[in-house]
Amino acid sequence: MTLQTSAIEPSVPRAIIGVVVDNALVLALVTVFAIFSFATPTFLTIANLQSILVNNFTLLAIAAIAMTFAVSVGGIDLSVGTAIDFASFAFVSLVLAGQPVVVAALAGLGAGAAVGAFNAVLISGIGISPFLATLGTLFIGRSIQQLLTNGGNPVYLPPSGVPEAFRFLGRGAIGGIPVPLIIAAIIIVAATVILTRARFGRVALAIGIQPSVVRYSGIAARAHVAVAFILAGLIAAVAGLILSATVTVYIPSSGSAFLLNAIGATFIGTTLSRLGRPNIPGTVLGVLLLGIVANGLLLTGLNFYWQQVGTGLLIFAVLALSFITRRKA
Amino acid sequence: MSVDIQLAPVIHFEPGVSTPKPSRSGNLAAGALRAGSLVAFVAILLVFSLTAPYFLSVGNIGNVLGQSAISGVLAIGLTIVLIAGGSNVVTGGIDLSLAANMGLSAAVYATAAQLGYGDATAVAAALLTGLLIGAVNAIAVVGAGIVPLLATLAVMNIVAGLELVLTQNTVIPASTPLLTALSSSGPLSIPALAYVLLVFTLIAAAIVQYTPAGLRLYAVGEFPDAARAAGLPVRRLVAGAFIASGLCGGFAGILSVSNLSGSTTGSGEMLLPVVVTALLGSVFSRRLVPTVIGTLLSTLFVGFLVNGFQLLNISSVLVSGVQGLLILLVVSATTLLRRQEA
């Protein structure tokens with residue numbers, strides 16, 4: 001019930017269990033990586049590893065980092081997909097209307113931040129629990145998108161009308177490294193710095209652990225919660241921009257595809273970390289785990305439908321093992 | 001039972017902790033707000049019945065009941081988990097595998113029926129499927145100690161995958177005597193599914209609300225430490241709640257086969273609406289806790305809303321938006337009410 005794993009007396013078997021518990025996620029990742037390297041000839045190739053990063057990692061990593069900010073203040077954000085969709089809609093529509101890509105991108109970020117701000121009002125202003133507040137936002141967002149698109153029609157960019165900067169964001173590369181990956185890396189580093197080195201991050205994590213202490217210390221907890229949710233919307237918006245730049249189309253409510261995986265990755269990262277707190281490296285490793293499992297199962301040539309079962313089983317096994325060892329420790 | 005981490009809820013909004021405010025006309029306002037949800041329900045019924053003449057006819061009410069049967073059964077299953085797991089949705093009770101469970105159970109029933117097995121076997125197979133899924137959840141949560149949100153999320157993926165494997169993502173048509181009976185009309189030419197929902201609710205309510213085991217579920221959910229100190233088998237009760245919820249999923253699966261004359265894909269779409277309905281249910285109870293009858297009321301509330309929109313020719317696009325607004329309105333009212341009581 002309490003954070004006692006780190007205070008264990010160093011008897012030998014316990015020490016080993018301790019090491020396993022402390023690095024459960026890394027060990028799980030290494031194990032899964034090794035299994036697929038042996039099981040399939042194509043997994044351990046540079047082309048495939050790159051494909052994991054581009055196809056299975058980038059967007060989910062950004063969405064999961066958005067989720068991590070919400071989780072860090074003790075909440076959850078079920079509307080990350082909504083922020084992704086709103087950003088994507090604003091971006092694609094404005095580009096279609098002939099606006100400069102930079103303006104459209106800023107509007108997209110604004111739209112995502114607006115979703116976050118709406119959540120912030122509900123959570124910090126009225127005091128609704130984050131789960132219910134963002135669930136409400138998710139439902140309202142779904143309706144708004146259908147209203148905006150005449151009942152859910154995708155907004156296509158004609159192939160001729162795609163500006164170069166737009167294409168660059170989704171499919172460009174700098175020095176051989178894909179642009180989306182660079183953006184994801186920047187967000188990972190920035191989020192890590194914010195959460196571990198900045199005052200905001202320390203307060204946010206403290207709110208997640210013990211909100212009353214934060215309040216009695218005279219810190220404006222509500223304001224910090226509000227900022228965390230706005231940040232979550234803003235970061236999710238970046239995923240929305242990259243998504244629409246990659247596929248050059250906006251499909252209503254397509255962002256919700258990321259929701260459950262983002263929750264999974266964030267909570268895997270949180271629960272399997274040493275202190276059991278939300279943290280960006282943990283979230284990133286969680287996303288990598290999900291990505292490697294998805295890619296590896298694809299390469300095994302398993303029936304497509306069995307792949308989903310396999311993914312579920314693998315994640316379930318990882319969770320069960322780590323929770324059981326943690327309890328033993 | 002719970003994990004080492006305490007991913008704390010945003011506690012500073014919770015009753016006991018929030019700064020006490022002088023409650024002047026406390027009881028009156030509290031009563032008004034409590035009645036508020038019911039008043040809203042009645043008001044919506046009134047508006048629809050005045051604007052759409054057919055709305056309050058027996059036939060239409062029966063239709064709404066029938067159409068709400070599947071989501072009602074699922075929401076009641078989730079309610080049982082909410083009761084036993086406590087109200088914190090992140091660390092407490094939640095069963096995300098319910099909708100997928102319904103899909104797989106429906107597929108199992110339809111496949112069994114197509115293979116020529118009788119109704120009894122097919123029903124048993126579907127219920128057993130639900131039961132097994134519930135048991136896996138129970139083992140994961142109680143045995144391995146995984147947080148319910150994560151455990152049922154993983155199980156949801158496995159179950160949804162198994163459904164795809166079984167159906168190959170196609171519709172499996174089925175027609176059996178039971179299905180014909182379920183999709184026919186009963187007395188007063190009200191759909192049989194409506195009666196099924198009412199009987200199911202009565203049985204569930206009787207068990208959860210009026211038996212010692214049900215009372216213990218509440219104790220376990222609201223005050224786990226006190227329940228443990230009092231010697232209640234906390235783990236067994238929580239496990240039982242997940243198994244019961246799994247059974248509800250299996251039962252809803254059978255109902256959904258009758259409704260659609262086969263098993264269809266896309267059951268996962270039901271998940272969030274069901275979560276909303278179950279969470280909304282607690283505002284229809286006197287003490288603002290999840291109850292079976294409260295969940296039935298909230299299911300019907302949503303059902304009447306959708307139905308009224310259809311009768312008034314309001315675009316169905318708005319339904320999810322109105323549902324979202326409703327959650328927010330209802331929950332803000334509850335939150336403000338609780339803050340006042342504290």
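In this predicted model, 62 residues of chain B are in contact with 62 residues of chain A. The area buried between chain B and chain A is about 5300 Å², and carbon and sulfur atoms give 74% of that area. Between chain B and chain A, the count of salt bridges is 0. The count of residue pairs in polar contact between chain B and chain A, with both residues at pLDDT 80 or more, is 1.

Four helices of chain B, namely helix 4 (119-143), helix 5 (148-167), helix 11 (271-281) and helix 13 (317-341), each supply at least two residues of the side of chain B that touches chain A. Helix 13 of chain B gives the largest share of that side, with 15 residues. By residue class, the side of chain B that touches chain A divides into 44 nonpolar, 15 polar and 3 charged residues.

The secondary structure of chain A comes to 14 helices and 4 strands. Chain A has 329 residues, of which 53% count as buried. Among contacts in chain A between residues at least 6 apart in sequence, 76% join residues at least 24 apart.

The largest nonpolar core holds 207 residues. Within this core, A:Phe91, A:Leu135, A:Ile263 and B:Ile146 touch the most other members. When neighbours within four places in sequence are left aside, A:Phe91 is in contact with A:Val101, A:Ala104, A:Ala105, A:Gly108, A:Phe166, A:Leu169, A:Leu241, A:Ser244 and A:Ala245.

**The salt bridge**

Side chains of opposite charge can pair when their charged atoms come close. Over all chains, the count comes to 1 salt bridge. The side chains of B:Asp225 and B:Arg228 meet in a salt bridge, at 3.3 Å from N to O. Both B:Asp225 and B:Arg228 lie in helix 9 (residues 224-229) of chain B, where they are 3 residues apart, about one turn of the helix.

Are these two residues buried or exposed? The table gives the relative accessibility of each.

| Residue | Relative accessibility | Class |
|---|---|---|
| B:Asp225 | 52% | exposed |
| B:Arg228 | 39% | partly exposed |

B:Asp225 counts as exposed because its relative accessibility, 52%, is over 50%. B:Arg228, at 39% relative accessibility, counts as partly exposed.

Notes
Residues are numbered from 1 along each chain as its sequence is written. Chains are lettered from A and ligands numbered from 1 in the order in which they are written. This is a predicted model: local features need pLDDT of at least 70, side-chain atom pairs count only at pLDDT 80 or more; totals for chains, interfaces and linings use all residues. Side-chain values use heavy atoms; hydrogens and water are left out. Contact means heavy atoms within 4.5 Å. Buried area is the accessible area (1.4 Å probe) that two parts lose on being put together, summed over both. A salt bridge is a side-chain nitrogen of Lys or Arg within 4 Å of a carboxyl oxygen of Asp or Glu. A polar contact is a pair of N or O atoms within 3.5 Å; within protein, one must be able to donate a hydrogen and the other to accept it, and residues adjacent in sequence count only if both atoms are side-chain atoms. Ala, Val, Leu, Ile, Met, Phe, Trp, Tyr, Cys and Pro count as nonpolar, Asp, Glu, Lys and Arg as charged, and the others, Gly among them, as polar. A nonpolar core is a set of buried Ala, Val, Leu, Ile, Met, Phe, Trp, Tyr and Cys residues joined through side-chain atoms within 4.5 Å. Buried means under 20% relative accessible area, exposed over 50%, partly exposed in between (1.4 Å probe, protein chains only).
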